[in-house]
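These are my notebook entries on a structure that is new to me, written down in the sequence in which I looked things up.

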Amino acid sequence: NSPEGVGVNSSTNRIYVANYSGNTVSVIDGSTNKVQSTISSMGMPRGVEVNSSTNRIYVADRYNKVRVIEGATNAVISTISVESRPYGIGVNSSTNRIYVANYTSWTVSVIDGTTNTVVSTISVESGTSGVGVNSSTNRIYVANAGSGSLSVIDGTTNEVVSTISVGAQPWGVGVNSSTNHIYVANAGSGTISIIDGATNTVISTISVGSTPYSVGVNSSTNRIYVANYSGN
């Protein structure tokens with residue numbers, strides 16, 4: 001019921017789907033396109049992200065928790081408390097840090113993937129929603145749906161180094177680490193803001209369909225895919 005988030009492990013060819021109303025995560029085998037396993041008691045999950053290097057899956061739920069799944073066994077191995085209404089998740093596989101956007105707290109929880117503990121809590125702006133990570137530059141990009149902005153976090157210092165104005169109600173964030181461009185889906189504007197990661201400036205705004213929510217990036221082909229919620 002009500003699938004919301006999707007995470008992919010390209011190394012194992014497994015896909016993880018957060019079923020919000022079903023309180024489960026479906027594990028799909030990418031070779032057969034069949035559900036291999038269903039993980040229960042997930043607490044109304046929304047955001048999902050994968051660290052392919054460690055084969056760990058991180059799931060944010062409605063009850064202010066992040067569940068850590070071991071990809072080899074599909075077992076929940078840790079439950080981490082974060083702040084209010086966690087939504088988006090980003091993973092830096094190079095540093096083994098996980099970034100959780102807490103929607104109603106206006107914060108980002110930083111989790112150490114080795115110890116499964118929160119090592120920092122960063123204040124951003126209102127309506128914290130989507131998260132994108134550039135592992136090459138160690139920059140984290142957080143969309144603030146309530147304030148129409150994008151917070152740029154330095155992954156070394158865990159500090160906000162820039163706040164960029166984008167369109168109305170930004171939700172999804174995609175990053176192309178090869179070009180150092182960041183793509184922000186502005187649900188209230190029907191646009192995508194393109195940001196140059198070197199200068200932290202908006203270099204282009206592209207009109208898309210109605211209510212764009214999420215962004216996917218293929219860095220190999222330099223193609224960006226946008227899901228338009230109201231535009232079907």
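Which residue in strand 20 is the bridge partner of I194? I looked this up and found S204. Before going on, I noted that this is a predicted model, in which local features need pLDDT of at least 70 and side-chain atom pairs count only at pLDDT 80 or more, while totals for chains, interfaces and linings use all residues. Residues are numbered from 1 along each chain as its sequence is written, and side-chain values use heavy atoms, with hydrogens and water left out.

I read strands here as DSSP runs of E with at least two residues, numbered from the N terminus, and I take two strands as paired if DSSP finds at least two bridges between them. With that in hand, I found an open sheet of four strands in the order 17-18-19-20, paired antiparallel. Its edge strands are strand 17 and strand 20 (201–207), each of which pairs on one side only. On average, neighbouring strands of this sheet are turned by 20° against each other, direction ignored; the axes behind this angle are lines fitted to C-alpha atoms, and angles run from 0 to 180 degrees between N-to-C directions.

I then went through the pairs. Strand 17 (residues 170–176) is joined by five bridges to strand 18 (residues 181–186), and the two run antiparallel. V173 has V184 as its bridge partner in strand 18. Further along, strand 19 (residues 191–196) pairs with strand 20 in the antiparallel sense over six bridges.

**Entry on turns and positive phi**

Most residues other than glycine have a negative phi, and I therefore looked for exceptions to this. Strand 17 and strand 18 form a hairpin with four residues between them, and N180 in the turn has a positive phi of about 60°. N180 counts as buried, because its relative accessibility is 16%.

Another hairpin is formed by strand 21 and strand 22, with four residues between them, and N222 in its turn has a positive phi of about 60°. Strand 21 (residues 212–218) and strand 22 (residues 223–228) pair in the antiparallel sense over six bridges, and S214 has A227 as its bridge partner in strand 22.

Is N33 buried or exposed? N33 has a relative accessibility of 63% and so counts as exposed. Its phi is near 55°, a positive value in a residue other than glycine, and N33 sits in the loop between strand 3 (24–29) and strand 4 (34–39).

**Entry on the sheet with strand 5**

Here I found an open sheet of four strands in the order 5-6-7-8, with antiparallel pairing. Strand 5 (45–51) and strand 8 (75–81) are at the edges with a single partner strand each, so one side of each has no neighbour in the sheet. Strand 7 (residues 65–70) is joined to strand 8 by six bridges, and the two run antiparallel; R67 has T79 as its bridge partner in strand 8.

I stopped at N51, which lies in strand 5 and counts as buried because its relative accessibility is 0%. A polar atom of the N51 side chain lies 3.0 Å from the backbone nitrogen of S53.

**Entry on the largest pocket**

I took a pocket to be an open set of points, on a 1 Å grid over the protein atoms alone, where a 1.4 Å probe fits and protein lies on both sides within 12 Å along at least five of seven lines; lining residues have an atom within 4 Å of a point. The largest pocket holds about 1,600 Å³ of space. Of the 40 residues that line it, the closest to its centre are V6, V48, E49, V173 and V215. The elements that give two or more residues to this lining are strand 1 (3–9), strand 5, strand 9 (86–92), strand 13 (128–134), strand 17 and strand 21.

**Last entry**

I checked N228, which lies in strand 22 and is partly exposed, with a relative accessible area of 22%. The C-alpha atoms of N228 and Y183 are separated by 14 Å, and the two residues are 45 residues apart along the chain.

Definitions and conventions
Buried < 20%, exposed > 50% of the residue type's maximum accessible area, 1.4 Å probe, protein only. Points joined across faces, edges and corners; volume = space filled by probe spheres on them. Polar contact = N/O pair within 3.5 Å; in protein donor to acceptor, adjacent residues only side chain to side chain.
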